[in-house]
Amino acid sequence: MPDTARPVSEAPALNHVHKAMRHDSADKHVSGAARYIDDLPEPPGLLHMYIAMSERAHADITMFDLSAVRSAPGVAVVISAGDVPGPNDIGPVVADDPLFAAGNVQYHGQALFAVGAESIAAARAAAKLAKITYAEKPVLVSVADAKAAGSELEAPQKMVLGDAEAAIDAA
C-alpha cells in the first residue's frame with residue numbers, strides 16, 4: 001500500500017454530511033458584493049464572438065458568400081468550415097458532428113460561421129450581411145420518416161470495454 005493510502009477505518013470523519021452549511025460566497029451573493037463575469041471590465045482588444053446559425057432544419061447550401069461579413073465595420077475575423085484546419089468535426093465518438101455546416105445543414109440552429117468583432121453588436125450586424133441560399137430538403141423527425149425517404153441509417157453500435165461479467169464475478 002502506498003504511503004499516502006490509509007484504511008477506510010482511518011479516513012477523516014465527514015462532519016458536514018446531513019448538516020446545513022453556509023456557502024463560502026453566500027454573504028457576497030446576498031449583499032450584492034459578489035463579482036460575476038459581466039461585472040468585470042473587458043480586457044483591451046477583446047473580441048466578441050457571434051455564431052451565425054442555420055434558419056433551416058434540413059437543406060443543401062446552394063450559395064454561401066461571407067465577403068460582406070468579412071469587410072463589415074469592426075470585424076476582425078470570420079471563421080467557417082473552410083477555415084478549420086483539419087477535420088471539421090467535434091463528435092466525441094463518431095465523426096458525425098461538424099463544427100460548422102459545410103454543404104448542407106442537418107438541423108435548425110446548426111452553426112454556419114463565427115464572427116469575431118470589436119463588439120457583440122458589430123458581430124451580429126456583420127453576420128446579417130451573409131448571403132446564404134438553401135435548397136430545402138424534407139425534414140425527417142422520426143425513424144419511420146427517415147426510412148420512408150430512403151435515408152441512410154447508421155448501423156447499431158455496441159460499445160464494449162473488457163468483460164463485465166468476469167469483472168463482477170472476480171469482485
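A salt bridge here is a side-chain nitrogen of Lys or Arg within 4 Å of a carboxyl oxygen of Asp or Glu. Arg70 and Asp83 form one, with their closest N and O atoms 3.3 Å apart. Keep that pair in mind.

Ground rules next. This is a predicted model, where local features need pLDDT of at least 70, side-chain atom pairs count only at pLDDT 80 or more, and totals for chains, interfaces and linings use all residues. Residues are numbered from 1 along each chain as its sequence is written, and side-chain values use heavy atoms, with hydrogens and water left out.

Now the fold. The chain has five helices and six strands. Helices are DSSP runs of H or I with at least four residues, strands are runs of E with at least two, and both are numbered from the N terminus. Reading from the N terminus, the order is α-β-β-α-β-β-β-α-β-α-α.

Then the overall dimensions. The radius of gyration is 26 Å, whereas a compact globule of 171 residues would come in near 16 Å. That radius is taken over C-alpha atoms, and the globule rule is 2.2 Å times the number of residues to the power 0.38. The C-alpha trace spans about 70 × 55 × 30 Å along its principal axes.

How much of the chain is buried? Buried residues make up 21% of the 171. The cut-offs: buried is under 20% relative accessible area, exposed is over 50%, and partly exposed is in between, with a 1.4 Å probe and protein chains only. The chain exposes about 13,000 Å², and carbon and sulfur atoms supply 57% of that. Those areas come from the Shrake-Rupley method with a 1.4 Å probe; for residues, only the protein chains shown count as cover.

On to contacts, meaning heavy atoms within 4.5 Å. Take those between residues at least 6 apart in sequence: 67% join residues at least 24 apart.

Back to charges. Side chains of opposite charge can pair when their charged atoms come close. How many salt bridges does a search of the whole structure find? The count is four.

Start with Glu136 and Arg56. Their closest N and O atoms are 2.5 Å apart. Glu136 sits in strand β6, residues 131-136, and Arg56 in the loop between β1 (48-53) and β2 (59-65), so the bridge links distant parts of the chain, 80 residues apart. Glu136 is exposed at 52% relative accessible area. Arg56 is partly exposed at 28%.

Second, Asp60 and Lys137. Their side chains meet at 3.5 Å, N to O.

Third, the opening pair. Arg70 is in helix α2 (residues 67-70) and Asp83 is in the loop between β3 (75-80) and β4 (104-105), so the bridge ties together parts 13 residues apart in sequence. Arg70 is partly exposed at 39%, and Asp83 is partly exposed at 38%.

What else does Arg70 touch? Leaving out residues up to four places away in sequence, Arg70 touches Val75, Val78 and Ser80 as well as Asp83. The C-alpha atoms of Arg70 and Ala117 are 9.9 Å apart, with the two residues 47 apart along the chain.
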